[in-house]
Amino acid sequence: MAEHEVMWIGRRPSALPTVEHLATSEDFAAAVTNACAEAGCSVQDYVAAAGAWGSWLIRFSRDGVRQRLVWNGKEGRLLLEQATAGIEWDELHSCTVAERDTASFIAAVQGLLQAAA
């Protein structure tokens with residue numbers, strides 16, 4: 001790979017403070033995936049985004065159907081989506097999560113999964 005010069009406008013990214021999001025903790029990942037498993041989902045994986053908004057997703061199957069929960073940290077919305085026959089995902093339900101703590105996310109996950117059942 002060829003080297004290229006980079007010009008920074010403002011301060012360098014390495015000088016930005018590191019923000020730790022709840023989504024990157026193992027305890028949070030275990031809590032939300034356990035909430036899915038208790039609702040009858042076969043959890044495939046949990047992925048936390050390495051971005052500024054703390055977004056994450058859980059892919060799982062339920063009753064033979066591929067679904068996923070997606071937390072859009074920027075918009076503050078939790079989405080329940082179902083896979084189509086192609087590569088698209090259809091939104092089944094969504095909700096906002098006012099408090100970004102573990103208990104609020106678990107309640108939102110449980111609510112979405114019950115609504116879709």
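In which strand does Gln67 lie? Gln67 belongs to strand E3, which covers residues 65–72. The model described here is predicted.

## The chain as a whole

The chain has 117 residues, and 28% of them are buried. Its secondary structure consists of two helices and five strands. Followed along the sequence, these elements give the pattern α-β-β-β-β-β-α. Contacts can also be sorted by how far apart the partners are in sequence. Of the contacts between residues at least 6 apart in sequence, 31% link residues at least 24 apart.

## Gln67 and its surroundings

Is Gln67 buried or exposed? The relative accessible area of Gln67 is 6%, and the cut-off for buried is under 20%, so Gln67 counts as buried. Apart from neighbours within four places in sequence, Gln67 is in contact with Ile58, Arg59, Phe60, Arg62, Leu80, Glu81, Gln82, Trp89 and Leu92. One of these, Arg62, also makes a polar contact with Gln67, side chain to side chain, at 3.4 Å. Two others in the list, Arg59 and Glu81, return in the next section.

## Salt bridges

Side chains of opposite charge can pair when their charged atoms come close. How many salt bridges does the structure hold? There are four.

| Pair | N to O distance |
|---|---|
| Asp45 and Arg59 | 2.4 Å |
| Arg68 and Glu81 | 2.6 Å |
| Glu75 and Arg77 | 3.8 Å |

Take the pair Asp45 and Arg59, joined by a salt bridge. Asp45 is in strand E1 (residues 42–48) and Arg59 is in strand E2 (residues 56–62), so this pair ties together parts that are 14 residues apart in sequence. Asp45 is partly exposed, at 22% relative accessible area. Arg59 is also partly exposed, with a relative accessibility of 31%.

Arg68 sits in strand E3 and Glu81 in strand E4 (residues 77–83), so the pair ties together parts that are 13 residues apart in sequence. Glu81 has a relative accessible area of 11% and is buried. Glu81 is also one of the residues in contact with Gln67.

The remaining pair in the table is Glu75 and Arg77, with closest N and O atoms 3.8 Å apart. Glu75 is exposed, at 53% relative accessibility, whereas Arg77 is partly exposed, at 25%. Salt bridges with shared partners join Glu75, Arg77 and Glu91 into one network.

## The two helices

Two packed helices are described by the angle between their axes and the distance between the axes. Helix H1 covers residues 26–38 and helix H2 covers residues 102–116. Their axes come within 9 Å and cross at roughly 20°. Angles under 35 degrees count as roughly parallel, and H1 and H2 are therefore roughly parallel to each other. The crossing of H1 past H2 is right-handed.

Which residues make the contact between H1 and H2? From H1 they are Phe28, Ala31, Val32, Ala35 and Cys36. From H2 they are Thr102, Phe105, Ile106, Val109, Gln110 and Leu113.

## Two loop residues

Where is Ser55 placed? Ser55 is in the loop between E1 and E2. Ser55 and Ala23 are 32 residues apart in sequence, yet their C-alpha atoms are 7.0 Å apart in space. Not counting residues up to four places away in sequence, Ser55 touches Ala23, Ala48, Ala49, Trp71, Asn72, Gly73 and Lys74.

Asp63 lies in the loop between E2 and E3. Most residues other than glycine have a negative phi. Asp63 is not a glycine, but has a positive phi of about 55°. Is Asp63 buried or exposed? With a relative accessibility of 77%, Asp63 counts as exposed.

Definitions and conventions:
Residues numbered from 1 in each chain as written. Predicted model: local features only at pLDDT ≥ 70, side-chain atom pairs only at ≥ 80, totals over all residues. Heavy atoms only, no water. Helix = DSSP H or I, 4+ residues; strand = E, 2+ residues; numbered from the N terminus. Buried < 20%, exposed > 50% of the residue type's maximum accessible area, 1.4 Å probe, protein only. Polar contact = N/O pair within 3.5 Å; in protein donor to acceptor, adjacent residues only side chain to side chain. Contact = heavy atoms within 4.5 Å. Salt bridge = Lys/Arg side-chain N within 4 Å of Asp/Glu carboxyl O. Axes fitted to C-alpha atoms, helices over the stretch in contact; angles between N-to-C directions. Parallel < 35°, antiparallel > 145°, perpendicular 65-115°, else oblique. Left-handed = near helix turned anticlockwise from the far one by under 90°.
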